[in-house]
Amino acid sequence: MGTSTLRQLSWDDFDRAVQAIAAHCVGRRFSGIHGIPRGGLCLAVALSHRLGLPLLADARPGCLLVDDVYETGLTLEAHRQLPDAQAVVWISKAEPQWWLALEVTSAADWIVFPWEDPEAAARDEQLYRESRGGSPC
């Protein structure tokens, strides 16, 4: 297993991620945008404004489904069979299969998004790793 890295993303990184997702969506028609709570909501709101699409409270067919990170896949997997939907994550800790990712990183990396408290994130990382016997994955 690789060594753990605590990586803090900035609001400028966020703006670039929104721009990249929006560029991917040019020429595509979506019924709206649904963000997976919690981290996906920030992306969904920004993309809703950027693309002029409604922000959806629930995922529905034909929507753009966004999340901040694909880690275990549990939250995104629940929407896998949604007809004509496109799933996009900012950071994926696994090679994308049926979803798109702006960036793929090591499963050992601990990502701190701009809307998160870095001190709380460091504590969360420590608790997470301790709960798994100190393993970085």
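How many of the residues of S4 are buried? In S4, 7 of its 7 residues are buried, so this strand is mostly covered; buried here means under 20% relative accessible area, exposed means over 50%, and partly exposed lies in between, with a 1.4 Å probe and protein chains only. Welcome to a predicted model, in which local features need pLDDT of at least 70, side-chain atom pairs count only at pLDDT 80 or more, and totals for chains, interfaces and linings use all residues. Residues are numbered from 1 along each chain as its sequence is written, and side-chain values use heavy atoms, with hydrogens and water left out.

**The sheet**

- Four strands make up an open sheet in the order S2-S3-S4-S5, and their pairing is parallel. Strands (E, at least two residues) and helices (H or I, at least four) are DSSP runs, numbered from the N terminus, and two strands pair if DSSP finds at least two bridges between them.
- At the edges are strand S2 (33-35) and strand S5 (100-104), each of which pairs on one side only.
- From one strand to the next, the twist averages 20 degrees. For angles, axes are lines fitted to C-alpha atoms, for helices over the stretch in contact, and the values run from 0 to 180 degrees between N-to-C directions.
- Strands of a sheet pair through backbone hydrogen bonds, either parallel or antiparallel.
- Between S2 and S3 there are 3 bridges in the parallel sense, and Gly35 sits opposite Val66 in S3.
- S3 and S4 run parallel and are joined by 6 bridges, with Leu64 opposite Gln86 in S4.
- S4 pairs with S5 in the parallel sense over 4 bridges, and here Ser92 faces Val104 in S5.
- Like S4, which is mostly covered, S3 is mostly covered, with 7 of its 7 residues buried.

**Helices across the sheet**

- H1 lies across S3, S4 and S5 and runs at about 150 degrees to S4. Contact, in this briefing, means heavy atoms within 4.5 Å.
- H2 lies across S2, S3 and S4, at about 140 degrees to S3.

**The nonpolar cores**

- The largest nonpolar core has 22 residues, and those with the most contacts inside it are Leu43, Leu47, Leu64, Val66 and Trp90. Such a core is a set of buried Ala, Val, Leu, Ile, Met, Phe, Trp, Tyr and Cys residues joined through side-chain atoms within 4.5 Å.
- Two or more residues of this core come from each of helix H1 (11-25), helix H2 (39-51), strand S3 (64-70) and strand S4 (86-92). H1 gives the most to this core, with 6 residues.
- Apart from this core lies another, of 10 residues, including Ile36, Leu65, Tyr70 and Leu76.
- Leaving aside neighbours within four places in sequence, Leu64 has contacts that include Ile21, Phe30, Leu47, Leu51 and Val88.
- In soluble globular proteins, nonpolar side chains tend to be buried together.

**Aromatic rings**

- The whole structure holds 9 aromatic pairs. Rings of Phe, Tyr and Trp (its six-membered ring) pair if their centres lie within 6.5 Å; planes under 30 degrees apart count as stacked, over 60 as edge-to-face and the rest as tilted.
- One aromatic cluster is formed by Trp11, Phe14, Trp90, Phe113 and Trp115.

**Salt bridges**

- There are 4 salt bridges, counted where a side-chain nitrogen of Lys or Arg is within 4 Å of a carboxyl oxygen of Asp or Glu.
- Glu103 and Arg7 form one of them (2.5 Å, N to O). This pair links distant parts of the chain, with Glu103 in strand S5 and Arg7 in strand S1 (residues 6-8), 96 residues apart.
- Glu103 counts as partly exposed at 27% relative accessibility, and Arg7 counts as partly exposed at 25%.
- Lys93 and Glu71 also meet through their side chains (3.2 Å, N to O). Lys93 lies in the loop between S4 and S5 and Glu71 in the loop between S3 and helix H3 (74-77), so the pair ties together parts that are 22 residues apart in sequence.
- Lys93 is buried, with a relative accessible area of 11%, whereas Glu71 counts as partly exposed at 34% relative accessibility.
- Arg80 and Glu77 form a salt bridge as well (3.6 Å, N to O); Arg80 is partly exposed at 37%, and Glu77 is partly exposed at 35%.
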